[in-house]
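Hi,

Here is the structure I promised to pass on.

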Amino acid sequence: MAIAKQPVVVLDAPDAAELAEFYGKLLDWKVTVEEDGTWAEVTSDSWPPLCVQQVEDYHAPSWPGQAHPQQMHLDVIVDDLDVAEKSVLEIGAGKAPEQPGETFRVFLDPAGHPFCLCKG
């Protein structure tokens, strides 16, 4: 028997609403932000939500360095890396200076979390 159920991923951010809007656009999912702005959920009809919590004194991960380890990251599957790259840059991502592979590309979301676009 399971001790718990329905896990979700929660990302820390200096601005929960801003980061949720970014992932909402990236995934074309619905964004809901609590009234006080400190918690947001990005949801679809078929996947568990991606949640964002606002934290004081936020420090972005320093990828690939380990001064502030990433601890986790998201991989998202895309059909065309070039098309997807253009789109994520338009919605506020930054491209990481170090690109260690050819079948995926590393980007930083508006709060500095690394995420990868992976060729599907």
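First, some housekeeping. This is a predicted model, so keep in mind that local features need pLDDT of at least 70 and side-chain atom pairs count only at pLDDT 80 or more, while totals for chains, interfaces and linings use all residues. Residues are numbered from 1 along each chain as its sequence is written, and side-chain values use heavy atoms, with hydrogens and water left out.

**The whole protein**

The protein has two helices and eight strands, counted as DSSP runs (H or I, at least four residues, for helices; E, at least two, for strands) and numbered from the N terminus. From the N terminus on, the order is β-α-β-β-β-β-α-β-β-β. Its radius of gyration is 15 Å, close to the 14 Å that the globule rule gives for 120 residues, so the protein is as compact as a globular protein of that length. That radius is taken over C-alpha atoms, and the rule is 2.2 Å times the number of residues to the power 0.38. Of the 120 residues, 30% count as buried. Buried means under 20% relative accessible area, exposed over 50%, and partly exposed in between (1.4 Å probe, protein chains only).

**Helix α2**

The part I'd look at is α2, residues 81-90. D80 caps its N-terminal end, with a side-chain oxygen 2.9 Å from the backbone nitrogen of D82. After the helix comes G92, whose phi is positive, near 120°.

Which residues of α2 are buried? They are L81, A84, E85 and V88. Seen down the helix axis, these buried residues fall within an arc of 105°, so they line one face of α2; the arc is that of the directions from the axis to the C-beta atoms. They pack against α1 (16-27), β5 (74-78), β6 (94-95), β7 (104-108) and β8 (114-119). On the face turned away from the buried side sit the exposed residues D82, V83, K86 and E90.

E85 counts as buried because its relative accessibility is 15%. Leaving out residues up to four places away in sequence, E85 touches K95, R105, F107 and L117, where a contact means heavy atoms within 4.5 Å.

A search of the whole structure finds four salt bridges, each being a side-chain nitrogen of Lys or Arg within 4 Å of a carboxyl oxygen of Asp or Glu. In one of them, the side chains of E85 and R105 meet at 2.8 Å, N to O. This pair links distant parts of the chain, with E85 in helix α2 and R105 in strand β7, 20 residues apart. Both E85 and R105 are buried.

R105 also takes part in a salt bridge with D82, whose closest N and O atoms are 2.9 Å apart. D82 is in α2 and R105 in β7, so this pair ties together parts that are 23 residues apart in sequence. D82 counts as exposed because its relative accessibility is 53%.

K86 and E90 form a salt bridge too, again with closest N and O atoms 2.9 Å apart. Both lie in α2, four residues apart, about one turn of the helix. K86 is exposed, at 53% relative accessible area, and E90 is exposed, at 57%. Finally, salt bridges that share partners join D82, E85, K95 and R105 into one network.

Cheers

Terms used: A polar contact is a pair of N or O atoms within 3.5 Å; within protein, one must be able to donate a hydrogen and the other to accept it, and residues adjacent in sequence count only if both atoms are side-chain atoms.
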